[in-house]
Amino acid sequence: RPRYTGLIERYRDRLPVNDDTRLISLGEGNTPLLKLNNIPKLIGKDVDIYVKYEGLNPTGSFKDRGMTMAVTKAVEDGSKAIICASTGNTSAAAAAYAARAGITAFVIIPDGKIAQGKLAQAMMHNAVVIQIKGNFDEGMQLVKEVAEHAPVTIVNSINPYRLQGQKTAAFEIVEELGRAPDYHCLPVGNAGNITAHWIGYCEYSSGCGEHVTEACAFCHGHCKYAGGAIVGNRPKMVGYQAAGSAPFMRGAMVDDPETVATAIRIGHPQSWDMAWKVKEESHGWFDECSDDEILAAQKLLAEKEGIFCEPASATSLAGALRDIKTGKIPEGSTVVCTLTGHGLKDPDIAIKQSTSPVITVSATLDSVREAIINNLAR
Ligand code: F0G
């Protein structure tokens, strides 16, 4: 079997590269699709729930899928520097792929509002870290403005190559399941990822025939398939937001977004129009989860399935479990929840909410044995 060398190589014929393109890759993609064993039994529902563990990408989030594509194209176009605004994961990915390419990354982050692991990554990969006394949305606005005045390529998801890279997650899921799931649930911030998945499912099922008729607003002309008949099923796309940062639920932008899930602390989504289109075309919906629901789902997944994701990622499962319990997602369905980022990204929140007994004892056989006996029934 050929060595796996990243998603551009894997899906070369579906991505905007040619034979001469120098690929900037860290071996991203090809992430596990894990079937939940214990949680469906716990909630007493006959539903197949899979999680796509995007936390196992090289920098620990799905952003690597988009970043390999965006940085590859930036380098191909002769760019020497990239820039992004970020709640943390995009900055980690930008920093790593810039290091790999030998160019400079500038990252604009909300001061004090990104998880420690993500900050460590940006710093370790030697990005120029610009902390602003403002939130992601303000950072995004600044990035758009400064890119008109400085020689930098924006690698936020408004860069169309980002979504092209990210669409490959849908390809992997269809190939692994042999069909698309009935429901695909994602956490939503800027709504780039839910849009990218829909592009991927549409390309796979219809050769993009759908989008040709709708002016290919999604594909921006990059899709190499045109006019094909629909050959496969497509999922209902379900986007869950954190309640304090839920513009899609409000139907309007939110100026002061707040949530424990800092990755999706976003009030002005960049892919607003496209995400509404995804919802309509796929017959899906948006909903919101409270911070308590998000943290409970993160903990449940870690304790009952051995899978550790960051708080924002657990929003997909939190929402899906609620909709499965109420029957909005009916029994017999196949559901995929994307776990967008690894739990190690945000150790502070994890340690704060954990109820695991951490027992300090003297270094003697007796005290260790006592600690075991006292906790056997857990
Ligand atoms: N989950 C995680 C872990 C994220 O980091 C993000 C976005 C999302 C979900 C939402 O994805 O924006 O495509 O709807 N993080 C960006 C960042 C904003 O800067 O890292 P989306």
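A crossing of two helices is called left-handed if the near helix is turned anticlockwise from the far one by less than a right angle, and right-handed if clockwise. In the predicted model described here, local features need pLDDT of at least 70 and side-chain atom pairs count only at pLDDT 80 or more, while totals for chains, interfaces and linings use all residues. Residues are numbered from 1 along each chain as its sequence is written.

The crossing of α4 and α5 is left-handed; helices (H or I, at least four residues) and strands (E, at least two) are DSSP runs, numbered from the N terminus. Helix α4, spanning residues 89-101, packs against helix α5, spanning residues 116-124, at an angle of about 20 degrees and with the axes 8 Å apart, where axes are lines fitted to C-alpha atoms over the stretch in contact and angles run from 0 to 180 degrees between N-to-C directions. The two helices α4 and α5 are therefore roughly parallel to each other, a term for angles under 35 degrees, as against roughly antiparallel over 145, roughly perpendicular from 65 to 115 and oblique for the rest. On the α4 side the contact is made by N89, S91, A92, A95 and A96, and on the α5 side by K118, Q121 and A122, two residues being in contact if their C-beta atoms, placed from the backbone, lie within 7 Å.

N89, which lies in helix α4, is also one of the positions at which UniProt, in an unreviewed entry, places the feature "binding site", the others being G189, N190, A191, G192, N193 and T340; such annotations may be inferred rather than shown by experiment. N89 is buried, with 33 other C-beta atoms within 10 Å, the cut-offs being 20 or more for buried, 12 or fewer for exposed, and partly exposed in between. Not counting residues up to four places away in sequence, N89 touches S61, K63, K118, A263 and G341.

K63, a neighbour of N89 in this list, is found in helix α3 (residues 63-76) and carries, in the unreviewed UniProt entry, the feature "modified residue: N6-(pyridoxal phosphate)lysine". K63 counts as buried, with 34 C-beta neighbours inside 10 Å, and touches N89, T90 and A93 when residues up to four places away in sequence are not counted.

G189, another position of the "binding site" feature in the UniProt record, is found in the loop between β7 (183-187) and α9 (192-206). G189 likewise counts as buried, with 31 C-beta neighbours inside 10 Å, and, with residues up to four places away in sequence not counted, touches A263, I264, I266 and P269.
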